[in-house]
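Work through the exercises below with the structure open beside you. Try each task before you read its solution.

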Amino acid sequence: MRERTILLITLLGLGLVAAGVAVGVVVQPLPEIATAEAQSISQALKVFFGISAAVFLGMEGLLVFAAIRGHLLGKSNGEVGSGFEMVWIALPAVLVAVIVIYSVNVLSEVEAPSSDPMVVSVIGRQFEWEFFYVDAAVSSDILVLPVGRPVELVFTSADVIHSFWVPAFGEKVDAVPDIMTSLTVTPLKVGTYIGVCAELCGEGHTEMQAEVLIQDLTSFEAWLGSQ
Amino acid sequence: MAGLSVNPTEVQLTGRRRYLRVSADHEVIGVQFLVTSFAFFLIGGLIALVMRAEQALPGFDFLGGEAYNRLFSNHGSIMIFLSLLPAVLGLTYAVLPETVGAARVAFPKLSAMSFWLIPLAGALMLASFFVGGSTAGWTAYTPLSIQSPELGQTIWAISLILLVSSLALSALNFLFTIRNHQSEDIWEIPLFAWSALSSSVLALVASPVLLLALVLLLVQRIAGPQLALLNGSIGVIVWQNFFWFFAHPLTMILTLPMIGVISEVVPSYSGRPIAAHRSTAMAMVAIAGLGLVSWGQHMFASGLIPGLRVPFMVASMAVAIPLAFIVFAWIATMWQGKVRFETPTLFALGFIALFIIGGLSGLILASVPIDLQLHSSYFVLGHFHFALLGGAISGLFAGIYYWFPKLSGREYDGTLGILHAIGHTGGVFLTYSPMFVLGLMGLRRRVFDYPAGLDIEIYQFGVTAGALMLAGTTMLFLYNMFFSALRGGSVKRNELQTGWSFQPMSKSDLV
């Protein structure tokens, strides 16, 4: 009987792990991936969704089973051994430790310092974005980036808080008045994307969007020269 | 405050009229809180439906940026501060004294004062809607909340000061009520009292901080640039830290007492004491403690000092440990119990099922790199609606049905109750799970429009359908409560005892 229980728990555990892995493999968390950072974030999301799926199925399954078992067997009995309490603490504690370590790793991967980034200063104002290419002294209302070269976007705001979010970049940061914040992105994929304001900034918040283009180096330099 | 002097004969008033007067009876006050909060729940829900009507289809339909900002700002403030908060306080007033063997709360007049601040603040909040309204969201980040010239935003700040004061007064009241407990050992008091104890300490520590920030905001809005206390970068840092120092614990203040309710309902309908009573109480204290040091979790993408992000992430994620422990304790209680499926049980099961989703999505958002992508997106909306509507409100419904016979002396309609439980749980799932997908697709919150032609429309349709389902099931609840309170069958004395009695508190029951 006891061996059967252990076998059953092992099989169920393996089933949950398999389900988690399957979800992690199948799910495509980001519709578009434009940067190296977005690739890391997408990977991290897959891991998190895989873990969440396994935990979700395990916990919900246990909940439904316990309720139905308690209803059908219908005899109130027994003490719950104090050994179980340690398991109830250990399981989530191990899970939390794992995802903390994993998150710290992903964070250092995403924020790894890149050599010689091109600096673009971004100013948010109600309700538009302005991009200033520092070296070329060029100002633009669209963001054009060359593929392959790390870019440091340095943000500030002229009025209230804004937040620059290109979903395909996998990250965002607030543009705050009197404060400089920054985001380093490494464009990977040529294409047209959209950058929005993700922090409520007033009446025109919904419309505060900017076109974001990732081009090959030649097209980018031609564009920069023409400005 | 002459109206607050309590006439001893008034306390003895029976009949329905006592609910319309200043009362010092904790059960009457509990019902006053609950009914008032439900009225605001309907108003907040109506606003949500208007927003849904705009969101149902892509493109501008009838709400522009200004109107939409005003609607969601008021939806958030009303739901959190005028609906959920008073409901949680009301349920606590209604049952807390009995859980600790007290005849009444420690400060009856203080409870009356705490209650009457709610309709006053609510009237101000509703009035503010017609004088420009608050448009900076319930979070009211500066400088946006300073910039708006409308009177509505100023009235919003006054209203919130009253509401947070009401919370602080009640929390103080609860703490002193629990202090008078009749048990030999504080660990023996029922888990509902433990949840009220943990959340009240949290409320007392956190509320002065938001009160201070609100006063600074109010002074600056009234005095203008001459007295600019929240200007520029200092203002941004002060407001966000002060706001979340209160608002993060607030999510615990709203959910912990409901965890307490479920910790009474589950054992009661399993016919046995809860597994691990003492450890569950400790877990509640741990949740409150961690809630106090997790506020930075909301500022990962806001330019928070980089070195502080990981400690805040660890604190935010660690709360999963005591939460999971309590869920395991509930599951073990049912496993070894004799489970009866009645309305409170179904709401408890719904609470646990939905709270697991709220918790897991919270773990995902607490991860710094992932939050950089999902912060301010629909994913966040999905997360906290699962936690608050799936968690706190399911818990409230469980508690309201559970103690309805005690409070009204009458039976509710069990069939309608079961329909409500199933509809509410299904409705929450249908409404808020598509929001996770929408957030992943890159849809930001607080916008009235989204691009057409994408899959977005299908998921938005799911949200809209779920919202209508929730509206319908809420009407079931309203009907059930209203008619059962008037015409429901009387509850016999002995049924009353078994129906809502708290868990046995003898030493041998404590694991």
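This is a predicted model: local features need pLDDT of at least 70, side-chain atom pairs count only at pLDDT 80 or more; totals for chains, interfaces and linings use all residues.

Residues are numbered from 1 along each chain as its sequence is written, chains are lettered from A and ligands numbered from 1 in the order in which they are written, and side-chain values use heavy atoms, with hydrogens and water left out.

**Exercise 1. Classify the ring pair A:Trp129 and A:Phe164.**

Step 1. Recall the rule. Rings of Phe, Tyr and Trp (its six-membered ring) pair if their centres lie within 6.5 Å; planes under 30 degrees apart are stacked, over 60 edge-to-face, and the rest tilted. This rule gives 47 aromatic pairs over all chains.

Step 2. Apply it. The centres of A:Trp129 and A:Phe164 are 5.0 Å apart and the planes stand at 80°, so the pair is edge-to-face.

Step 3. Locate the rings. A:Trp129 is in strand 2 (residues 128-133) of chain A, and A:Phe164 is in strand 6 (residues 162-166) of chain A, 35 residues apart. Helices (H or I, at least four residues) and strands (E, at least two) are DSSP runs, numbered from the N terminus.

Step 4. Check the burial. Buried means under 20% relative accessible area, exposed over 50%, and partly exposed in between (1.4 Å probe, protein chains only). Both A:Trp129 and A:Phe164 are buried.

**Exercise 2. Classify the ring pair B:Tyr479 and B:Phe483.**

Step 1. The centres of B:Tyr479 and B:Phe483 lie 4.7 Å apart and the planes are at 45°, so this pair is tilted.

Step 2. Both residues sit in helix 16 (residues 456-487) of chain B, 4 residues apart, about one turn of the helix.

Step 3. B:Tyr479 has a relative accessible area of 49%, so this residue is partly exposed. B:Phe483, at 29%, is partly exposed too.

**Exercise 3. Find the salt bridge partners of B:Lys406.**

Step 1. A salt bridge needs a side-chain nitrogen of Lys or Arg within 4 Å of a carboxyl oxygen of Asp or Glu.

Step 2. One partner is B:Glu27, at 2.6 Å, N to O. B:Lys406 belongs to helix 14 (residues 378-408) of chain B and B:Glu27 to helix 2 (residues 26-55) of chain B, so the bridge ties together parts 379 residues apart in sequence.

Step 3. Another partner is B:Glu98, at 3.0 Å, N to O. B:Glu98 lies in helix 3 of chain B, so this bridge joins parts 308 residues apart in sequence.

Step 4. B:Lys406 is buried, with a relative accessible area of 9%. B:Glu98 is partly exposed at 25%.

**Exercise 4. How do strand 1 and strand 2 of chain A run?**

Step 1. Two strands pair if DSSP finds at least two bridges between them. Here 6 bridges join strand 1 and strand 2 of chain A, which run antiparallel.

Step 2. Pick one bridge. A:Val120 has A:Tyr133 in strand 2 of chain A as its partner.

Step 3. Turn to strand 5 (residues 151-157) of chain A. Strand 1 (residues 118-125) of chain A pairs with strand 5 in the parallel sense, over 7 bridges. A:Val119 stands opposite A:Glu152 there.
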